[in-house]
Structure formats: structure tokens, C-alpha cells
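Welcome, and thanks for taking a look at this one. Please have the sequence and the 3D view open side by side as you read.

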Amino acid sequence: MSMQSQMKRYALVWLALMALLATTLGSAYLKLGIWNGIVNLVIAVAKAALVAVFFMHFARARAMVRLCAGIALFALALLFAIGGSDYATRAIHAAPWQSPQQLQSTTVGG
Amino acid sequence: MSAPTVAAAPAAPQFDERRQQEAAASLGLWVFLATELMFFGPLFFGYAYGRSHFPQAFAAASRHTDVVLGSINTALLLTSSVTMACAAAARGHDARRAAAWLLWATAALGACFLALKGVEYAHDWRDRLFPGVRFAFGDAHAGGAEIFFFLYFATTALHALHLTIGIVVVCLFALALRRRATEFASAERIELAGLYWHFVDLIWIFLYPILYLVGRSGG
């Protein structure tokens, strides 16, 4: 691919990234309830995919590179799944030596 | 424009050929990026914990971040990734002057990001949002909000540190190209510097919505 056509492609990716940024910023001000967070996350994943595929050349990366990135993401998923299941199944109880001020975040702050 | 010159250059003694050297170098950088993900990952997990346990406090705290500066910074960083990718492409096609200019532009965009971040930190400090004894947050959510701002400062400062390293690396390569040190500023090394730069950008892509956009609609 010639340099000019490569840069033209990067310019298009830039436009797409800016459009996604505008969308995520705009959607944050709409009252979508739980969907606000989901839309933001989906757009972040789309932006990350554009950067990984076009700038980091992930689509034509070697098998070892893909394996390496896959293992890293899998390890991160393990951290979230195992660590998260622990926190999700425990109730926060006040320890007797905590002052009322310290407890604010755990009792009222939710 | 000539074809990429990577394959033509001689390989280091421990490699059979240049392509093998290039593959080893890029794999090495990807392994490094994998460890970097493990470095940032626990902070994201900490955020997920806080967001699920103190949702109202996190939404209230997020409304206190500067969404204008945050959005401008996101645009700057995304643009810098484009100039970085263009710099690597230009160097790959042996357009060294263009590559050097694009590297300077990348570093300048990164520096603008850091400058705006500094302005933002100054505002946060003035508004007493830095966690600690000075922290003041006017309503019932102060406890959870302090956890949010602890994560805000930890993640953005760690990201800023990485960006600073990236700016230094990019400037080194731009200087080397200007001094015609083509062996030092080789196409594959600039490609690797780009991988690191894009990774730092990826981290920010996820930090931006979780720090700046939560609870903006008030619902």
C-alpha cells in the first residue's frame, strides 16, 4: 500500500474516532438510566478496536502476538471474575472500632 | 514512494534474518504491554468495585470532574495516535523528514494533554477534591466520593506518567531522525514506539467514560 493511501485511511479512522467521541459525550447527557453506562462502554470498546486494528495492526499480527494479547485479556477477566465474585457475595459489616464518619461511605454512601 | 526497506537491512547476530528479528521485537513489546495491562487492570477492578457498591456517590463525584477539559484531552490523545501511526508509516516508506515532523506533532499533542491535565489537577486541588484531610464534598456521599477521587488521581497520574515516558521516547526518535541517525531511529523501532503510544491511548479511551461521563444525565 502506498504511503498516501495509508495516510488517507488513517484520516478516515480519525474521523470515525471523533464521531464516536462526540456520540459518547452526547449520549452521556441523555437520560438513559442503566443504558448510559452500557453505551459508553460499547463506544469505548469500538474506539479501542479501531486503534488496535488500524494503528497497532492487530488484524495482521502474528499468532504469537494474538496469543499474548489474548492471554493478557483472559488474565484480566479472571481478576474481575474471581475478585468480583468475592466482593459481590459479601455484605459490608461495620467493624466496632470504626468511627461513624468512616462508616458513612459504607452505610449512607451507597 | 519506495517500498518498505525493513527486510533489506542486516539483522543482529542472534537472528537468522531481519524478519525474525522484527517478529521477536514486536512480540517482546506485546508481552510488555500485557504486563502493563496487569498494572492498570487492578485499578479498573477497584473502580468496578466502587461503582457497584457506591453507585450514587460515584455518579455525584463524577459530575465534579471537568468534562470539557476531559473531552478536549480525549480528542488530543486520539489525534496524537493518528499522527503517531502516520509517522510510523512515513518512516516505513523512508520519508524521514515527514516522519520526524509527525513525531514532533505527536509529542506536542501529548504535551498539550499533560498541560491541560495539570490545569485540571489545579482546579481539583482548589475545589478540595484531592483525597485526604483536606477533602471536602458537600453531601451524604462524601465517603464514596473520596474513593472515586482516590481512583481518579491514581489512574490519571499513572496514565500521565506513561504518557510522559512516551513523549520522551517519541522526542528521542524525532531528534535522531533530524541528526540522520537512521540506524537508531529505524522503521521497526518507531513502529514499536507507536505500539506503546497506542496502548497508552487505549487506557485513556477506557478512563474517559468511567471518570468523566458517569451521572451526567442526572438519572
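This is a predicted model: local features need pLDDT of at least 70, side-chain atom pairs count only at pLDDT 80 or more; totals for chains, interfaces and linings use all residues.

In it, 58 residues of chain B are in contact with 49 residues of chain A.

**The interface between chain B and chain A**

- Putting chain B and chain A together buries an area of about 4,500 Å², and carbon and sulfur atoms give 78% of that.
- On the chain B side, the residues that lose the most area to chain A are Trp30(B), Phe45(B) and Ser217(B), which together make up 15% of what that side buries.
- The number of salt bridges between chain B and chain A is 0, whereas 6 residue pairs are in polar contact across the interface, with both residues at pLDDT 80 or more.
- Five stretches of chain B give two or more residues each to the side that touches chain A: helix H1 (18-53), helix H2 (55-62), helix H3 (67-92), helix H5 (142-178) and helix H6 (187-212).
- H1(B) gives the most to this side, with 18 residues.
- Sorted by class, the side of chain B that touches chain A holds 37 nonpolar, 16 polar and 5 charged residues.

**Chain A on its own**

- Along its sequence, chain A reads as α-α-α-α.
- Of the 110 residues in chain A, 30% are buried.
- Among the contacts in chain A with a separation of 6 or more, 44% are between residues 24 or more positions apart.
- The accessible surface of chain A is about 7,000 Å², with 72% of it belonging to carbon and sulfur atoms.

**A closer look at Lys117(B)**

- Is Lys117(B) buried or exposed? Lys117(B) counts as buried because its relative accessible area is 1%, and the cut-off for buried is under 20%.
- The side chain of Lys117(B) makes a polar contact of 3.1 Å with the side chain of Glu120(B).
- Leaving aside residues up to four places away in sequence, Lys117(B) touches Asn73(B), Tyr152(B), Thr156(B), Trp204(B) and Tyr212(B).

Conventions. Residues are numbered from 1 along each chain as its sequence is written. Chains are lettered from A and ligands numbered from 1 in the order in which they are written. Side-chain values use heavy atoms; hydrogens and water are left out. Contact means heavy atoms within 4.5 Å. Buried area is the accessible area (1.4 Å probe) that two parts lose on being put together, summed over both. A salt bridge is a side-chain nitrogen of Lys or Arg within 4 Å of a carboxyl oxygen of Asp or Glu. A polar contact is a pair of N or O atoms within 3.5 Å; within protein, one must be able to donate a hydrogen and the other to accept it, and residues adjacent in sequence count only if both atoms are side-chain atoms. Helices (H or I, at least four residues) and strands (E, at least two) are DSSP runs, numbered from the N terminus. Ala, Val, Leu, Ile, Met, Phe, Trp, Tyr, Cys and Pro count as nonpolar, Asp, Glu, Lys and Arg as charged, and the others, Gly among them, as polar. Buried means under 20% relative accessible area, exposed over 50%, partly exposed in between (1.4 Å probe, protein chains only). Accessible areas come from the Shrake-Rupley method with a 1.4 Å probe; for residues, only the protein chains shown count as cover.
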